[in-house]
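Let's take a walk through a protein model, one piece at a time. Have the structure open and follow along.

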Amino acid sequence: MNSEYLYVHTIGCQMNVYDSEQIAMRLAALGYEQTASMAKADVIIINTCTVRAKAEQKVFSLLGRLERMKRDKKHLIIGVGGCVAQQEGEKILNRMPALDLVFGTQAIERLPRLIQQIKARRCRIVDVDMDAATQIPESLVARSNESQVSKFVTIMRGCDNHCTYCVVPFVRGREISRKPESIMREIQSLVQTGVREVTLLGQNVNSYGKNQNLYTFTELLSRINEIEGLSRIRFTTSHPKDLESDLILAFRNLDKLCPHIHLPVQSGSNRVLRRMNRQYTREQYLDKVNKLRDTCAQIAITSDIIVGFPGESQADFNQTLELVKTVEFDGLFAFQYSDRPRAPSVKLPDKLSEPVIRKRLQILLELQENFTRRKNMALVGSDQPVLTDGLSKKQASEPLAEMGPGLQWTGRTPTNKIVNFYVDGPDADSKNLTGKLVGVHIDRGFSHSLFGRVINTEPSVRGLKGVGNHAA
Ligand code: 5AD
Ligand code: SF4
């Protein structure tokens, strides 16, 4: 067979992971088979991220490598998509002579046509048009042989908030929600291919449907909760200012909604929050955290924090540390502030020096690590419903013999903690647990994962929230 190969390299957030799948499926319709080998590819697409400076640097170092590759492989087509493409447009083409295509965040559905044009005429194309999009185009749904246990589903794109450090509104455009029927159709098809868990994606899912006469986000969740065969629903990301009581109550009322929320706080100082234009105070954030925990005691809360925002004083930073101690997050992503093109914070005075920012980041991460480990340790002795993703990658290279006999599996608790586990018994290794919800007794807790053994397969969905017998 004279098949041509496509290699897609994804940098950045879950939304890019979803977009990359859409890219692969659209190009499969042109006859491109996806490969995990960059060297084998006839078309290479880099799906890029520009939210922080580091992610953008990765793109340019990768492109440098590809330029060298193309010297020996003249027919190779190289395309750059996603947020850096949207932001830089033609400039990347000028900077990288080997590049054939730059396509923006809203050009994915036009990609097959663009590739065909390049192949036919060996022209170079820039498509970063954003105006045309008033609706999100229909997604393609993965075919059954590609089935995975857990999938991302984009429910909206763009963002209408203007946090001063953020480039997203410029590269992803105005907020548009996808029609509920389209989302439901996609999830139903995914479930038919064996998917058991979906993570709904949006920059600010709380404002789903706003100004478009659609369901609210909570109503959408209720409908998805009814889909037969689906076991778990997750979502990300929530903006604290828009987190209302109906969504908080959903954590109690919807049996498939996992008890985990990613609620980026960004800073613990009101002065910094104001300069970031976050539109909530530290007190309001803490109030939402309390309401979440009052409503759903076992809920896991994770967050994002930016360290070293322009003008962040030592006192401001101390306030962030205090907030982290008060909340005791289950996990935290902490980032060094970086200037992003067009983001309003670029113009703010009092930029902090790199060593100061780095030192603060280190202090924050060290503080959080204790809480993350403590939260994991607190689950030792409990039974957790774990949705199995598949065999644990670790055993292929180093069997953890002292941990337990036979095959090691991996999955997640409802609170999104990774659990590696084994099954006891004579026929243990012949069981395929991928996609199965199993009850796991947690024996050990580490900084980034838990370890346990299976006590029963397929616990009821009702037990999904993990309100199990807790020995600790
Ligand atoms: N500098 C550092 N971190 C940033 N983030 C967004 N913009 C910047 C920036 N300019 C972080 C925020 C956001 C996460 C996705 O990336 O914490 O929640
Ligand atoms: Fe950026 Fe703020 Fe929108 Fe998040 S809510 S994407 S941080 S502007």
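Below we go from a sheet to some charged pairs and end at a ligand. Keep in mind that this is a predicted model.

Start with the open sheet: three strands, in the order S7-S10-S11, with parallel pairing. Strands S7 (150–154) and S11 (232–236) sit at the edges with a single partner strand each, so one side of each has no neighbour in the sheet. On average, neighbouring strands here are turned by 25° against each other, direction ignored. S10 (residues 197–201) pairs with S11 over five bridges, and Thr199 stands opposite Arg234 in S11. Helix H7 (residues 180–192) packs on this sheet and touches S7 and S10, its direction making about 165° with that of S7.

Now for the charges. Side chains of opposite charge can pair when their charged atoms come close. The whole structure has 24 salt bridges. One of them joins Arg232 and Glu197, with the closest N and O atoms 4.0 Å apart. Arg232 is in S11 and Glu197 in S10, so this pair ties together parts that are 35 residues apart in sequence. Both residues are buried.

Lys70, Asp100 and Arg122 form one network through salt bridges that share partners. Asp100 pairs with Lys70 at 2.7 Å and with Arg122 at 3.1 Å. Are these residues buried or exposed? Lys70 is buried at 12% relative accessible area, and Asp100 is buried at 5%, while Arg122 is partly exposed at 39%.

Finally, look at ligand 2. The residues around ligand 2 include Cys159, Tyr165, His239 and Arg278. By class, its shell has six nonpolar, three polar and one charged residues.

Definitions and conventions:
Residues are numbered from 1 along each chain as its sequence is written. Chains are lettered from A and ligands numbered from 1 in the order in which they are written. This is a predicted model: local features need pLDDT of at least 70, side-chain atom pairs count only at pLDDT 80 or more; totals for chains, interfaces and linings use all residues. Side-chain values use heavy atoms; hydrogens and water are left out. A residue is near a molecule or strand if one of its heavy atoms lies within 4 Å of it. Ala, Val, Leu, Ile, Met, Phe, Trp, Tyr, Cys and Pro count as nonpolar, Asp, Glu, Lys and Arg as charged, and the others, Gly among them, as polar. Two strands pair if DSSP finds at least two bridges between them. Helices (H or I, at least four residues) and strands (E, at least two) are DSSP runs, numbered from the N terminus. Axes are lines fitted to C-alpha atoms, for helices over the stretch in contact, and angles run from 0 to 180 degrees between N-to-C directions. Contact means heavy atoms within 4.5 Å. A salt bridge is a side-chain nitrogen of Lys or Arg within 4 Å of a carboxyl oxygen of Asp or Glu. Buried means under 20% relative accessible area, exposed over 50%, partly exposed in between (1.4 Å probe, protein chains only).
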